Amino acid sequence: MELLDWKSIGSLLATFVFVRTAIRDFLPPEIYRALKAFFLKLFALLQPNISVIIEEYDSSYSNELFDAVQLYLSSRCFSSARVLKLSKPKNSKTLTFTMDANQKVEDDFRGFKLRWSLHSVEKKTHNFGIIRSHENRFFELTFHRKHKDAVHAAYLPHVMEEASRIKFKNRERRLYTNRSSDDNGRLWSSVPFNHPSNFDTVAIDPRLKEEIKADLIKFTSRKDFYARVGRAWKRGYLLYGPPGTGKTSLIAAIANFLEFDIYDLELTAVTSNSQLRKLLIATSSKSVVVVEDIDCTLDLSDRKKRIVRKEETEGGLMEENDQVKKRDQKEGNANGSQAAGAGAAFSTVSLSGVLNFVDGLWSSCGGERLMIFTTNHKEKLDPALLRAGRMDKHINLSYCDFPSFKTLMHNYLFLVEHELEKEVKDLLPAAKVTPADIAEVFMSCNDDAEAGMRNLVAEIKKRLDEEQEKQRLAELGGESIEEEK
Ligand SMILES: Nc1ncnc2c1ncn2[C@@H]1O[C@H](COP(=O)(O)OP(=O)(O)OP(=O)(O)O)[C@@H](O)[C@H]1O
């Protein structure tokens with residue numbers, strides 16, 4: 001039996017409207033306001049929770065907040081949801097759990113509880129007489145109304161931040177290069193970045209290692225600092241030293257440490273300033289942009305003076321290139337700036353251009369970027385390019401010293417100590433042996449640690465003998481020239 005029939009509902013409503021009008025019209029305003037507040041409170045007590053709906057699509061665009069919530073809940077839903085979906089998102093290196101529809105997950109934030117649930121409803125759209133049905137998914141977030149402000153001001157930003165952290169952590173890291181042409185017309189082509197080098201495998205002075213790690217941590221954690229002082233969130237490293245001392249290995253270790261992508265920028269493959277600009281803008285935040293062997297890719301000695309004059313303005317790069325062309329024409333240099341140096345043959349951009357672009361552009365690009373330049377000849381670089389703010393940290397990687405040798409001995413031969421290490425210690429300072437040379441000897445001993453150590457001592461002695469012989473011949477040559485005189 002029905003409790004109320006339509007007639008009763010009608011008279012109840014009429015009574016309610018009559019009473020409400022009577023109260024509003026006849027009660028003094030202060031009493032009316034007090035009564036209103038009382039009933040609102042009573043209603044709030046009876047219904048303390050409020051809900052926020054986050055739909056998958058906002059109009060016809062996908063809603064970033066929905067995706068963020070889904071990612072945020074991926075780690076939390078495992079313990080509480082009964083049915084989970086498992087997937088491997090594109091460009092992600094890990095599997096991700098997501099909630100299925102009609103599941104609930106509880107969350108704690110600053111001591112209060114929130115409840116997430118995922119719903120799915122079928123939605124029909126009519127388009128030119130055709131009826132289509134779509135799955136319309138949405139998250140419902142339920143919490144006590146007294147936490148409304150905290151949810152808006154702190155919890156939802158926390159969800160977004162946490163989601164982007166998870167996304168960053170899960171993503172497959174990539175190595176981008178502008179060296180090979182891309183059939184799809186992309187500026188950068190990329191492959192997954194799986195270089196095994198890290199701060200344990202790279203053999204450099206342990207103090208230097210700690211210094212670099214501390215510098216990287218400081219840099220990446222100073223977002224607010226860079227914003228406060230109005231500077232682009234970037235840092236420049238210059239790695240210099242002879243070939244085979246670990247510059248490339250250190251770059252890979254840094255990228256792995258920071259979990260950043262790498263952009264390998266080959267300047268000789270850049271044909272114009274606008275291309276350079278596009279390339280740099282297309283780099284993502286949390287990345288390391290590497291320009292290797294800058295002394296080979298650019299004609300630094302020849303352009304030195306002009307670079308210094310023009311480097312303060314971004315447009316200076318154009319002018320500089322024009323001047324190079326004009327000078328080439330004047331000097332009858334048919335190949336234009338190709339004569340400037342083998343590596344610089346087709347390059348129409350310069351290191352100062354890169355640095356100027358970076359200064360100018362990246363200030364507006366938000367996220368952090370590390371620029372690493374390498375050279376075997378630091379002395380060839382113009383001091384203006386080496387100043388702080390452009391190349392903030394100069395890292396010298398030199399011939400192998402004893403602590404670096406110990407790292408290699410441990411990594412390659414699994415040895416912590418060895419009777420021959422004293423001999424190596426005595427020989428190393430005089431021998432110009434790179435970590436790459438030592439790695440080569442250890443690699444070729446086929447896991448025979450004893451043979452590895454013996455071969456290394458023999459190799460170092462051989463090199464020292466060769467060096468002495470070279471010196472003796474040089475001295476002899478000098479003497480005979482003296483005699484001829
Ligand atoms: N400091 C090091 N620690 C560990 N391995 C090293 C180190 N230096 C060199 N190696 C080994 O030698 C190889 C060559 O080193 P790497 O390419 O890093 O040197 P580089 O200084 O970049 O040389 P180049 O200037 O010729 O590019 C690496 O594959 C690595 O195995």
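Which helices each supply at least two residues of the shell around the ligand? I looked this up before anything else. They are α7 (247-258) and α16 (435-443). Helices here are DSSP runs of H or I with at least four residues, strands are runs of E with at least two, and both are numbered from the N terminus.

**Model and numbering.** I am working from a predicted model, in which local features need pLDDT of at least 70, side-chain atom pairs count only at pLDDT 80 or more, and totals for chains, interfaces and linings use all residues. Residues are numbered from 1 along each chain as its sequence is written.

**Whole chain.** I noted 17 helices and 15 strands in the protein chain. Of its 485 residues, 25% count as buried. A residue is buried if 20 or more other C-beta atoms lie within 10 Å of its own, exposed if 12 or fewer, and partly exposed in between, with C-beta atoms placed from the backbone. I also looked at contacts, meaning pairs of residues whose C-beta atoms, placed from the backbone, lie within 7 Å. Among contacts with a separation of 6 or more, 71% join residues 24 or more positions apart.

**Ligand shell.** I found 15 residues around the ligand, and Ala203, Pro243, Gly246, Pro435 and Ala436 come nearest. A residue is near a molecule if its C-beta atom, placed from the backbone, lies within 6 Å of it. By class, the shell has 7 nonpolar, 7 polar and 1 charged residues. Ala, Val, Leu, Ile, Met, Phe, Trp, Tyr, Cys and Pro count as nonpolar, Asp, Glu, Lys and Arg as charged, and the others, Gly among them, as polar.

**α14 on α16.** Next I followed α16 to a helix that meets it. The axes of α14 (residues 402-413) and α16 come within 10 Å and cross at roughly 25°. That makes α14 roughly parallel to α16. Angles under 35 degrees count as roughly parallel, over 145 as roughly antiparallel, 65 to 115 as roughly perpendicular and the rest as oblique. Axes are lines fitted to C-alpha atoms, for helices over the stretch in contact, and angles run from 0 to 180 degrees between N-to-C directions. From α14, Ser404, Phe405, Leu408, Tyr412 and Leu413 meet Pro435, Ile438, Ala439, Phe442 and Met443 of α16. I sorted the residues of this contact into 9 nonpolar, 1 polar and no charged.

**α5 on α7.** The axes of α5 (residues 206-220) and α7 come within 11 Å and cross at roughly 45°. That makes α5 oblique to α7. Lys213, Leu216 and Thr220 of α5 make the contact with Ile254, Phe257 and Leu258 of α7. Its residues divide into 4 nonpolar, 1 polar and 1 charged.

**Single residues.** I checked two non-glycine residues for positive phi. Lysine 286 has a phi of about 55° and is found in the loop between α8 (273-281) and β13 (287-291). Lysine 286 is partly exposed, because 17 other C-beta atoms lie within 10 Å. Asparagine 446 has a phi near 50° and is found in the loop between α16 and α17 (449-484). Asparagine 446 is exposed, with 7 other C-beta atoms within 10 Å.

Is serine 62 buried or exposed? Serine 62 is exposed, with 11 other C-beta atoms within 10 Å. It lies in strand β3 (residues 61-62). Not counting residues up to four places away in sequence, serine 62 touches Glu56, Tyr57 and Asp67.

Key. Two residues are in contact if their C-beta atoms, placed from the backbone, lie within 7 Å.
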